[in-house]
Amino acid sequence: MTPSASRPNGVTGCTSGFPNSGVLSPAGFSAEMAKSATIVEVLIRFLGSMFHQRTIKQLVKTTGVGLHSGRRVELTLRPAAPDTGIVFHRIDLPEVVDLPAQAAMVKDTRMASVLSNGQARVSTVEHLMSALAGLGIDNLHVDLTAEEVPIMDGSAATFVYLLRSAGIQEQASAKQFLRVLKPIEVREGEGADAKWARLEPHEGFAVAFSIDFRHPAIDSTASFAEIDFATDSYVKQIARARTFGFVNEVEALRSAGLARGGSFDNAIVMDEYRVLNSDGLRYDDEFVKHKILDAVGDLYLIGKPLVARYVACKSGHALNNQLALKLLAQPDAFEIITYASAAQAPLAFRQEWKLA
Ligand SMILES: [Zn+2]
């Protein structure tokens, strides 16, 4: 969760463009090679080698409060069979309701990404989804006893800890990736108020984000960050970045049923001038890093890890969801691929596995 990606009347911080933001065409990679790679891949898979799907080794649980509802909730993570995907289950309802973690299930993006199935909702899925993407977990059952994923410390660090405590299990099915073939962009507003998000072809996974909140505490930190997961660690550089909010917005949010569980224990809290948390920031650029954490989680609602580069300016949950839906609605803009072995997959998808 984060507040809207920019404040009213924000001056754009994104006019100068980002380095290397053109369509990347990896050296020497051609359609012919992609075809022959597929043949090699099939042969190697036949011989029993592949880059495997992952779940967790055993059940783990924790309890916390919902950031927006303020309600106590128990979260249980359970291993799931290959090709299950990530599925949330509301186990507190008279009949259990299943909510697959898919972009098409997102029905509300005010301050969080919220899945809905009929009357049943699961709110604030993005930080857990981000941890799952970061650790490369393909299949998982997520049981909840209330409508919101617990906020824990406001970052993805607790979920990373839980998942690594459970242990990561390779499964006997090939891991599927969604490889972006054409740039896809969504945009809102014009000129200085423009917000946008884009996916570009890239043989790996990288995220570049620019923020502009026109707030002294945020402006004094970096407004841009780029993370290339081939060389940067999700666990070390992204997972600990906390959500943030402004005290002068708390009353309005609470009367709208939001932020009722928010506190110094689960958010960076600011007045009009400064950060109020006594222990300050965890990263020098914690704000933009949290926007990257959110984007990684929102993009994982596409249902498979992306082989792509994501570039965004002042994006948020709503635009991220529109981007995911626009991509999925355009079948010629992507392909589903597998890798014959972990060694053949881009480095970006092997890093955290080594750490886990
Ligand atoms: Zn967030």
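In the predicted model, Pro79 has Leu140 of strand E9 as its bridge partner. Strand E3 (residues 72-79) and strand E9 (residues 140-144) run antiparallel and are joined by 5 bridges. Helices (H or I, at least four residues) and strands (E, at least two) are DSSP runs, numbered from the N terminus, and two strands pair if DSSP finds at least two bridges between them. Residues are numbered from 1 along each chain as its sequence is written. As the model is predicted, local features need pLDDT of at least 70 and side-chain atom pairs count only at pLDDT 80 or more, whereas totals for chains, interfaces and linings use all residues.

Strands E3 and E9 belong to an open sheet of 5 strands with mixed pairing, in the order E2-E3-E9-E4-E5. The edges are formed by E2 (60-65) and E5 (97-100); each has a single partner strand, so one side of each lacks a neighbour in the sheet.

Leu140 is also among the residues touched by Leu132, together with Ile86, Ile137 and Tyr300, residues up to four places away in sequence not being counted; contact requires C-beta atoms, placed from the backbone, within 7 Å.

The protein chain averages a pLDDT of 88, and 85% of the residues score at least 70. Over residues 4-12, pLDDT is below 50, and this stretch has 23 contacts in the model beyond near neighbours in sequence. Residues 15-30 likewise stay under 50, with 12 contacts beyond four places in sequence. Where pLDDT is low, the predicted coordinates should not be read in detail.

Definitions and conventions:
pLDDT = per-residue confidence, 0-100. Contact = placed C-beta atoms within 7 Å.
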